[in-house]
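I set out to record what I looked up in this model, entry by entry. The structure is shown first, and my notes follow.

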Amino acid sequence: MLHPSVWRRLVLLATPLALAVLEVFHPQPDSVAEGVEQGGWFLWFHMIQLLLTGLIALAVYLLTDGLAGPTVRVSRWATAVFAVFFSAYDAAAGIATGFVLQGAQELSPEEQTAVYETAIDMPGLSLIFVLSIVGTAAWVVAVIAAALALRRAGASRGPFVLLILAGVFLLGGHPFPWGTLAFGCFFVAAAWLEFAPARRAGQPSRELNGRSRRRTDLAGGCGPRMKQVRNRCPDPIDGRTLDPEVVTMVMVESNRSHISTALALGTVFRDAWVSGDLSRLAQLLAPDCLYSSTSGPTPGTEYRGRPAVLAAFAERLRDRDDHTRFGPVHPAGDDMALIEWCEYDDAGDVLTRGCDILEFRGRQVVRKDAFRKVRT
């Protein structure tokens with residue numbers, strides 16, 4: 001059985017790519033004889049497109065899976081409207097037309113002309129026209145709202161622009177070239193979001209600019225008031241700071257290094273968190289990662305997918321103060337590590353002791369699960 005992440009990528013990437021290619025072959029007859037001759041393909045084309053319409057609606061939903069907020073809700077409601085109305089339009093204007101044209105192949109030329117003109121020449125204010133307008137408008141709203149939600153969650157400008165284009169291009173109709181451009185842009189944007197980090201390495205987070213400079217101390221981002229309690233929390237491992245290049249070295253040349261993979265990745269993650277480096281955290285997160293915070297209704301709050309997790313990280317880093325100090329990283333094999341941390345009050349007394357459990361897949365974090373003990 002395929003892993004859920006594989007199914008997710010099949011829907012998210014294969015569906016828009018298949019639609020982009022399919023629309024190149026959309027029948028566009030120039031005459032009665034050509035239209036009647038293409039009746040069979042007209043029928044099968046729109047049956048295939050009907051199936052892909054449901055899948056592309058699911059792909060739009062998956063774009064914002066794990067996110068929350070008004071734009072996400074707008075996107076999901078619009079996606080549902082698109083799925084219903086565009087499918088109805090496809091069935092009425094595509095499948096039914098193809099069925100009628102295919103059946104006209106045995107008729108006389110005069111009868112074929114009458115059937116063709118009835119099937120192809122759609123009245124301006126017909127029910128089919130309304131289905132087309134509502135379905136297409138819902139697509140535009142769904143995709144642009146998803147783009148806004150992803151941008152707010154930390155997605156880069158590239159996929160944001162491509163998703164907006166994916167919405168706008170379909171206003172020109174789904175046959176080639178506009179349909180191919182729309183679904184092609186969607187495919188590129190989805191692939192960008194799945195396989196590229198949300199920010200380039202070294203590009204500072206705007207939300208954290210100005211704060212991260214105060215938090216570069218490896219021992220936990222503690223401010224001046226915390227220096228006096230420096231020894232009350234476990235010391236970090238050997239005062240060592242590891243960069244992503246070290247992680248690569250450990251992965252590629254593990255036999256030559258005394259640092260385990262989990263220790264290297266955990267230390268890089270901890271240092272990126274301490275310094276507020278959201279761009280490096282984005283590089284370390286898997287596209288299908290899960291973050292479970294220490295409080296919430298489940299218990300805790302779960303964030304699924306890189307954009308949702310990055311948005312939660314950004315909010316957490318924005319709101320933190322200088323009363324938290326991180327301790328050592330404890331590896332557990334090559335796919336898991338535990339990071340200790342403590343929170344203090346103004347007097348330097350421990351308020352909370354906690355730990356983060358990191359689970360790795362390859363060189364990426366697939367799960368961050370936070371736990372804490374609170375003084376009462």
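I took two strands as paired if DSSP finds at least two bridges between them. Helices (H or I, at least four residues) and strands (E, at least two) are DSSP runs, numbered from the N terminus. The model is a predicted one, in which local features need pLDDT of at least 70 and side-chain atom pairs count only at pLDDT 80 or more, while totals for chains, interfaces and linings use all residues. I numbered residues from 1 along each chain as its sequence is written, and side-chain values use heavy atoms, with hydrogens and water left out.

Entry on the strands. I looked up E5 and E6 and found a hairpin with two residues between them; Gly-362 in its turn has a positive phi of about 70°. The pairing of E5 and E6 is antiparallel, over ten bridges, and Gly-354 stands opposite Arg-372 in E6. On E4 (residues 336-344) I noted nine bridges to E5 (residues 350-361), again antiparallel. Glu-343 has Thr-352 in E5 as its bridge partner. The hairpin of E4 and E5 has five residues between the strands, and there Gly-348 takes a positive phi near 90°.

Entry on Lys-373. I placed this residue in strand E6 (residues 364-374). Is Lys-373 buried or exposed? Buried means under 20% relative accessible area, exposed over 50%, and partly exposed in between (1.4 Å probe, protein chains only). Lys-373 has a relative accessible area of 62% and is therefore exposed. Leaving aside residues up to four places away in sequence, I found Lys-373 in contact (heavy atoms within 4.5 Å) with Leu-351, Thr-352 and Arg-353.

Entry on His-174. I found His-174 in the loop between helix H7 (157-169) and H8. His-174 counts as buried because its relative accessibility is 8%. Its side chain makes a polar contact with the side chain of His-26 at 3.2 Å. Such a contact is a pair of N or O atoms within 3.5 Å; within protein, one must be able to donate a hydrogen and the other to accept it, and residues adjacent in sequence count only if both atoms are side-chain atoms. Beyond four places in sequence, the residues that His-174 touches include His-46, Phe-86 and Tyr-89.
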